[in-house]
Amino acid sequence: MPDASPVLAGGLKGNFQAYEQDIRVRNYQLCGILAVVFMLAGSSLDWVVFQEEGVKRFFPARVISAVISVLVWLALTTAWGKRMHRLLGLLMAMPLIVGIAWMIYAKGGAESPYYAGLNLVMLGAAILMRWTLQDSILVVVLTVASYLLACYFHGPIVNRSIFFNNLYFLFVTGVFTTAGTWFYNSIRFSEFKLRHDLDLNRAELEASNQKLRELDEAKSRFFANISHELRTPLTLLIAPLESLIQGAESTRPQEERDLMATMHGNSMRLLKLINDLLDLVRMESGRAQVNTKRVNVNDFIGGLANAVGSVAKDKRIHLHSHVDEDLGNVLADPDKLERICLNLLFNALKFTAANGHVNFSALKTDGWLAIEVRDTGMGIPADQLPHIFNRFWQADTSSQRKFQGMGIGLALVKELAEAQGGNVVATSEVGKGTTMTVNIPLLQGEPTDTEEELGETTEETDPDSHQNKDWIAELYRRAELFPAMTSLQATLRPVETGVGRSRKPKLLIADDEPDMLRFLKSQLSGTFEILEAVDGQQAVEKAAQFLPDIILSDMMMPEKDGLQVCRELRERSITRSIPVVLLTARADEKTKIECLAAGASDFLAKPFSLTEIMVRLKNLVDSRLFQKELVVQKQQLENALEQIKETESMLVQNEKLASLGRLSAGLIHEINNPLNYARQGLGIISRSTKSLPEDKRADFADTVKDVEEGVNRVIQIISDLRGFTRTTNQLNHAFDLKSVVNTCMRFFAHVWKDGIQREVDIPDELEVRGDSNQFVQVLINFIQNALDAMATKEYPEGESACIKLSAFARGDRTIFSIKDNGPGIPQEIRDKIFDPFFTTKDVGQGMGLGLSICNRIIADHGGRIEVRSQPGQFTEFILELPSTDSTNNNHADT
């Protein structure tokens, strides 16, 4: 089948028509052949139906139709015919349609059995000719029209049922032919479109694959170049550093020797990583050469076991080696074999806990040299086992992983083994251990010519160059033997003793790299008292235990990463304000935002400047200490201010009550005597009423009665005032609320005469627990404040100032309301009105203590005050007081 070419100028449909052209031409040619065969073979039908007469009469028409079909077939083989294939296809059908229609006209007309031939023409058009929908409709129309014309010219239709039967089947066949053509062409076009899309996708995939191959090659070249470029300056750093270390064994202080040892160890670690990357790139590019030499397996295995024995001893791991007795000398690449074994051994030691076992064996199995490393470590889950030899793959890629690495060690083992014609197999069980087996073809014989030639060439080189190469080779081998893992001693969690004895600010350093932790501690211990944490969990615990002044944390740590440490510290109230500085190897915008969002105070990207760390830590610590001092001073000032306010309030209240008592006592004494005289005089006057004329007695008696009521009212006021000035402080006595309110309202009798409205709605016999005198003081303050506020408001016509007092019982509480229609209280000062000395009045009109005293009195009674106000409309003070029932209940509970 021809391929679906890209879309032509005519679009996808034009491309489809071009694709269908060759198929239609072939089908038209096939139909031409079939038409010739079956048109001529139809004479047998003429013989059976109409005997010899039918054959003689219809054979010329059949021959003419066959000849036209042959001519059309020949035309379709030419280039012109292929271009005009649609027209030629119609011309091929026309002789058949006309010939069959003539036969119907000649024999039987509407009753002729040859109408079935027209059905065959339409059916063949639908199945073989693959006409377009327009061509198919045209053929159907011409076929039905030919049948109708043949019947018409034959003569009158005698049997109309047969005519309708034949016409019906012709029409149905035509509909099916047209529908089938449309449906078939739609399917063909959909198939073509899908094939076209598939080809485009395949082309895009091939282009993408080519780009990926190019990128992969570019990546390999980049790794190779960068590794070469890094190894040269790194080698030039290590050589002078080793000279300094050798010369500083006795002359330098211990602190400097420790720093140089840290530098040397991390340089060797970096060199090993670069060597692994370079070897991996070489393997990938196919440039790795296998240089076979004679290797004594027993000495080789024993030497490697001794080389890594110190690492195993440091981690308290039992290392055992074993070599089959029949393994003597073998031919292998010792460098590659050593890289394989060291990677497997260090990997096993890294993932095996203390007191575990690592077995290092060399076995002979069916023509293979099997290097086996078996450990009792943590094991590998079954779903991860197929991926462990993939490049840069790691089981734990989170920022909280416990074991660091690049994921190239086992990938390099696989590449080195396959380069020597071998393979590597891993089996593991979680919690029980892992077994790594490297199988290499067992070759026992003489070294290759390449080795001998290389040996001769090496001997002929310059001695200085030879010595230099030997030193570099030895350096690379020492780098391979350098363990890229943390010693057991360094992983122990430090325990602080004597913390807090120094006056230095406390700094908590959290880092899982012992060298980094040791370096930061040595450089910062002169300024800070150092606390250490080797993982995120310990950092959180020590922060809560010792409350350091600042925390310096690495971002990637086991147990909990730096971001999680920040979040947990910010969630705890005791550690929320401790500044946290994060160290991260990533300095992109996303990492910065994540650090700040987690609550970090600052962050530094690696590599960092020690001076910058010192300055940032000092600034944050100074700010932290200043904040702590401010908090303490603020708390002291607040306590002192509160005490001053309480003392001032009590002094003012006591002085006010004392002055009022002294004034009231004097007034009462001076008023009582004239009142007694007035009452005695009224008694005498009332008795002289009988001496008056009869017509004047009633008026005189009324006048005397009015004077007597006024005197009694004054006496009542004096009695109330005497009770008010008497300090009882009896908070547990019951008093009638309505009578107390009425007493208080009499103090403002002159106000009501000035047009101030009052509404009092207090039920009878509603009792409240407390000191009635103090409640009168509260009520006077609230009413006076309401009167002062309403005096500042201009009321519209028809409205006047009004004070409403109401009370009702709700459960064991009494709710008392004082509401005025004054200017209201603005929202911004509503929370300050009960503060001592706060007032909105002008100087000299008030000290701002009235509401504060009221609030304290109600609080001492076990109640509370709620304020509701709408500026410009009203203010309402709601007092919630304990009723007598609540006090009784409390006594009963007690």
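Predicted model: local features only at pLDDT ≥ 70, side-chain atom pairs only at ≥ 80, totals over all residues.
Five strands make it up, and it is open, with the order β14-β16-β17-β19-β18 and mixed pairing. At its edges stand β14 (757-761) and β18 (864-870). Each of these two has a single partner strand, so one side of each has no neighbour in the sheet. From one strand to the next, the twist averages 15°.

Within the sheet, β16 (residues 802-810) runs antiparallel to β17, and 8 bridges join the two.

A pair of aromatic rings is described by the distance of the centres and the angle of the planes. A search of the whole structure gives 7 aromatic pairs. One of them joins Tyr168 and Phe169, whose ring centres are 5.7 Å apart and whose planes are at 75°, an edge-to-face arrangement. Tyr168 has a relative accessible area of 46% and is therefore partly exposed, since that value lies between the limits of 20% and 50%. Phe169, at 39% relative accessibility, is partly exposed for the corresponding reason. Another edge-to-face pair is formed by Phe775 and Phe816, with 5.6 Å from centre to centre and 70° between the planes. This pair links distant parts of the chain, as Phe775 lies in helix α24 (residues 772-790) and Phe816 in strand β17 (residues 813-820), 41 residues apart. Both Phe775 and Phe816 are buried.

Tyr168 and Phe169 also belong to a cluster: together with Phe164 they form one aromatic cluster. A ring can meet a charge as well. The charged end of Lys819 sits over the ring of Phe874, at 4.6 Å from the centre of that ring.

Elsewhere in the chain is helix α12, which covers residues 409-419. Which residues of α12 are buried? They are Leu410, Ala411, Leu412, Val413, Glu415, Leu416 and Ala417. After α12 comes Gly421, which has a positive phi near 85°.

How values were computed: Residues numbered from 1 in each chain as written. Heavy atoms only, no water. Phe/Tyr/Trp six-rings, centres within 6.5 Å; stacked < 30°, edge-to-face > 60°. Buried < 20%, exposed > 50% of the residue type's maximum accessible area, 1.4 Å probe, protein only. Helix = DSSP H or I, 4+ residues; strand = E, 2+ residues; numbered from the N terminus. Lys NZ or Arg CZ within 6 Å of the ring centre and 35° of its normal. Pairing = 2+ DSSP bridges. Axes fitted to C-alpha atoms, helices over the stretch in contact; angles between N-to-C directions.
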